[in-house]
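Hi,

Here is the structure you asked about. Please open it alongside this note; my findings follow below.

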Amino acid sequence: MPAVITGTGVAVPPNEVTNHDLARIMDTSDDWIRSRSGVVSRRFVDPGTGASDLATEAGNAALDSAGIGHDDVDVLITATMTPDLTNPGIAGLVQNKMGLGHIPVFDIRQQCSGFLYALDLADALIGSGKAKTVAVIGAEVHAGYLPWGDTWDIVLGKVDREPTPAEYARNTEHRAWSVLFGDGAGAMVLQRSDEPDAGFLSSSLHTDGEHFELIIVPGLGSLQRPFASEAQLQAGLHLPRMDGGGLYRQAVRLMPDSVRLALDASGLDLEDIEVVVAHQANERILAGVRKQLGVHEQLVPSNIDHWGNTTAGTLPILFHELWQEGRIAPGSVTCFTAFGAGAHWGAMLYRHP
Ligand SMILES: CC(C)(COP(=O)(O)OP(=O)(O)OC[C@H]1O[C@@H](n2cnc3c(N)ncnc32)[C@H](O)[C@@H]1OP(=O)(O)O)[C@@H](O)C(=O)NCCC(=O)NCCS
């Protein structure tokens, strides 16, 4: 039984932060960030807003767009690497905040590939007959990770002062990863369809734990005793460590590989794809993916300039925008692909009804 996308929704927070704003609190520039990543601005939530809040807003918008009620949802799947609390995950919170019934919910922890893994699970649940309607949501609030302390007020234009030399030095120490990310959420409703040719045509999902350390948060876990300590915070072990070059090299190779595997599994050719919805980690990675696949820019569109990398949010936000622009035409084939921390990656092909 095919599963088709019947509704989408997004939630993006109000606070827009440009590269110029970031250049006020660390040694960086609009030119560096733009040319290395494609990001021009990103959005951040106010303190007190969690990933579950963005997920709830996006999820409700997707139900509205599908024209269904909360009682129609059989299963909820949420993907995030920035849950409101370390434990439990956000799925239960979102179930409650959306006012869904006492349905089964799943928390997916595949970071940048989280939404892709969630889509595959939703398709399997519908295909097996276990569910008729599944809400799938990818949501991130990266603001909590960003080590900007009191200089947040400078970035957000709430105070007019220069950072202290110590603040400037600390922010600069983390500049390579902190300039890339933004907050946001996207959601889809998947429903069982009677159209035999529509739905997910193939999927090719992969994991290689050998690349576990490409991007990790090294502290605050069961390896540490105690789980969380002042010493870990002092050492910055609660902040991400990223091998930017290593990520780039794996991503530009493995996303195109998985696209080809998904094409082989479906019997389709690259020319059959209307649009590739690829994870928005970095414009240079997208350019590498286009080059590896030998396709033009329009086939692998980008919106990273205004949202930054919203991790599990990128695929549904971009799909939502493309659908609104008319790029997801009836019968057209979309390829979803992602690569991220874990390392997890893959591709799925989808024909719209
Ligand atoms: C992170 C990334 C943009 C860095 O680009 P790069 O061209 O490889 O830059 P490098 O890391 O070689 O750093 C080059 C210089 O820029 C500096 N630099 C790093 N971040 C900077 C910033 N925000 N502003 C200004 N300079 C910066 C470095 O300190 C280095 O300076 P040095 O030569 O004096 O040592 C790039 O590696 C990348 O995009 N990787 C993928 C990351 C990703 O996708 N992450 C998301 C996870 S899914």
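A polar side-chain atom of Arg-36 sits 2.9 Å from an oxygen atom of the ligand. Note that this is a predicted model. Trp-32 also places a polar side-chain atom by a ligand oxygen, at 3.3 Å. For Arg-284 the corresponding distance to an oxygen atom of the ligand is 3.1 Å. On its own the ligand exposes 960 Å², and the protein buries 69% of that.

Which helices give two or more residues to the shell around the ligand? They are H2 (30–37), H8 (175–178), H10 (244–266) and H11 (283–293). H10 supplies the largest share, three residues. In total, 18 residues surround the ligand. Among the closest are Thr-28, Arg-175, Gly-244 and Asn-282. By type, the shell holds nine nonpolar, five polar and four charged residues.

Next, strand S4.

S4 covers residues 75–79, and five of its five residues are buried. In a regular strand, side chains alternate between the two faces of the sheet. Are the faces of S4 covered or open? Both are covered. Val-75, Ile-77 and Ala-79 are buried on one side. Leu-76 and Thr-78 are buried on the other.

S4 has two pairings to look at. Strand S6 (residues 133–140) runs parallel to S4, joined by five bridges. In that pairing, Ile-77 stands opposite Val-136. Strand S5 (residues 105–108) is also parallel to S4, with four bridges. There, Thr-78 faces Asp-107. S4, helix H4 (residues 91–98) and S5 form a right-handed β-α-β unit.

The backbone has some points worth checking on screen.

The peptide bond between Asn-87 and Pro-88 is cis, with omega about -10 degrees. Pro-88 is in the loop between S4 and H4. Another cis peptide bond joins Arg-225 and Pro-226, with omega about 0 degrees. Pro-226 is in the loop between strand S9 (215–216) and helix H9 (230–234).

That loop between S9 and H9 also contains Leu-220. Leu-220 is not a glycine, yet its phi is positive, about 55 degrees. Gln-111 is not a glycine either, and has a positive phi of about 50 degrees. Gln-111 lies in the loop between S5 and helix H5 (114–127).

Are these residues buried or exposed? Gln-111 has a relative accessible area of 11%, so it counts as buried, the cut-off being under 20%. Leu-220, at 32%, is partly exposed.

Best wishes

Definitions and conventions
Residues numbered from 1 in each chain as written. Predicted model: local features only at pLDDT ≥ 70, side-chain atom pairs only at ≥ 80, totals over all residues. Heavy atoms only, no water. Buried < 20%, exposed > 50% of the residue type's maximum accessible area, 1.4 Å probe, protein only. Pairing = 2+ DSSP bridges. Right-handed = clockwise from strand over helix to strand, strands pointing away. Near = heavy atom within 4 Å. Polar contact = N/O pair within 3.5 Å; in protein donor to acceptor, adjacent residues only side chain to side chain. Areas by Shrake-Rupley, 256 points an atom, 1.4 Å probe, with all protein chains shown as cover. Nonpolar A, V, L, I, M, F, W, Y, C, P; charged D, E, K, R; others polar.
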